[in-house]
Structures are given as structure tokens and as C-alpha cells.
Amino acid sequence: MSEPTTAADPGTWIRGITIRQPWTTCILAGKDVENRPTAWSWRGLVLLHAGQATERAPMRDPLVATAIRGRALHTRAVIGVARLTDCHQDAPALPIPWLHGQLGPWRPTQDLVDQVLLQLPRLAPEGTS
């Protein structure tokens, strides 16, 4: 094994997170949202640790099955590294009734966006935050 590339205390620049399979492997395959009950103050690198338990039901979901196809579902092991860039709290958010959706992309009205911004005040157009 090679020597670590940094002498800095790991607790100052990286954290770890344990996630059940198949979600850990889905993150490595491109899943970019991980749901947790509380927001964290940490931003930066996280070791992705596949926990001991494997959730079987999600593997019947076609999107999950596609993401994990051909990949080993290791457990009880660090299987990757990710960068945590932001957290948001979903719990207090309330559904906003809207009757005019469609399957393809659609333009929301200013009124609808204003209602969303009441619950997510830091939401901003990409490149402007």
C-alpha cells in the first residue's frame, strides 16, 4: 500500500457516511441526492460506506435495477468517495397545490415560484447564488 498523500488529521478534511445498499452503489452510478432525516453542517468529501443491511425492495425498481446492473453490491466496506455540496430540510415543506402540470418540462408561473420560495428562500437560478 502507498503512503497517504496528506498528513492532515482526517477529521479535519473528510467524513464518512453509512448508506444501505443498493443506494450506495446508486450514488456511485450517478444518483446525486441522498435523503437524511436531518441537515448536516459538513460540506466536503465523504467516504461512502456500504452498511451491513441491503434493502431488497428497491432493487425491483427499474431505475435502481438499471443503475446497479453489472455492479457488485459490497456491504460493510467503503466503496467510494463523494463530495457533499449542500443540504436542505424537507420536513417542514408543505405541498403546494397546482393543477396545471404536464409530463414534459413546463414553465411555472411567478405565483407558483413565489410560493416555493417561501419554503426554500435560498433557491436561486443556477449561476446566480
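## Salt bridges in a predicted model

Asp86 has a relative accessible area of 46%, so this residue is partly exposed, a class between buried (under 20% relative accessible area) and exposed (over 50%), using a 1.4 Å probe and protein chains only. Welcome to a predicted model, where local features need pLDDT of at least 70, side-chain atom pairs count only at pLDDT 80 or more, and totals for chains, interfaces and linings use all residues. Residues are numbered from 1 along each chain as its sequence is written, and side-chain values use heavy atoms, leaving out hydrogens and water.

The structure holds three salt bridges; each is a side-chain nitrogen of Lys or Arg within 4 Å of a carboxyl oxygen of Asp or Glu.

**The network around Asp86**
- Salt bridges link Arg43, Asp86 and Arg122 in a network.
- Arg122 and Asp86 meet at 3.4 Å, N to O.
- Arg122 lies in the segment after helix 4 and Asp86 in the loop between strand 3 and helix 4, so their pair ties together parts 36 residues apart in sequence (helices are DSSP runs of H or I, at least four residues, and strands are runs of E, at least two, numbered from the N terminus).
- Asp86 also meets Arg43, at 3.7 Å from N to O.
- Arg122 is exposed at 63%, while Arg43 is partly exposed at 35%.

**The pair Glu55 and Arg20**
- Glu55 and Arg20 form a salt bridge, with their closest N and O atoms 3.6 Å apart.
- This pair links distant parts of the chain, 35 residues apart: Arg20 sits in strand 1 (residues 14–21), and Glu55 in the loop between strand 2 (44–54) and helix 3 (62–68).
- Glu55 is partly exposed at 28% relative accessibility, and Arg20 is partly exposed at 46%.
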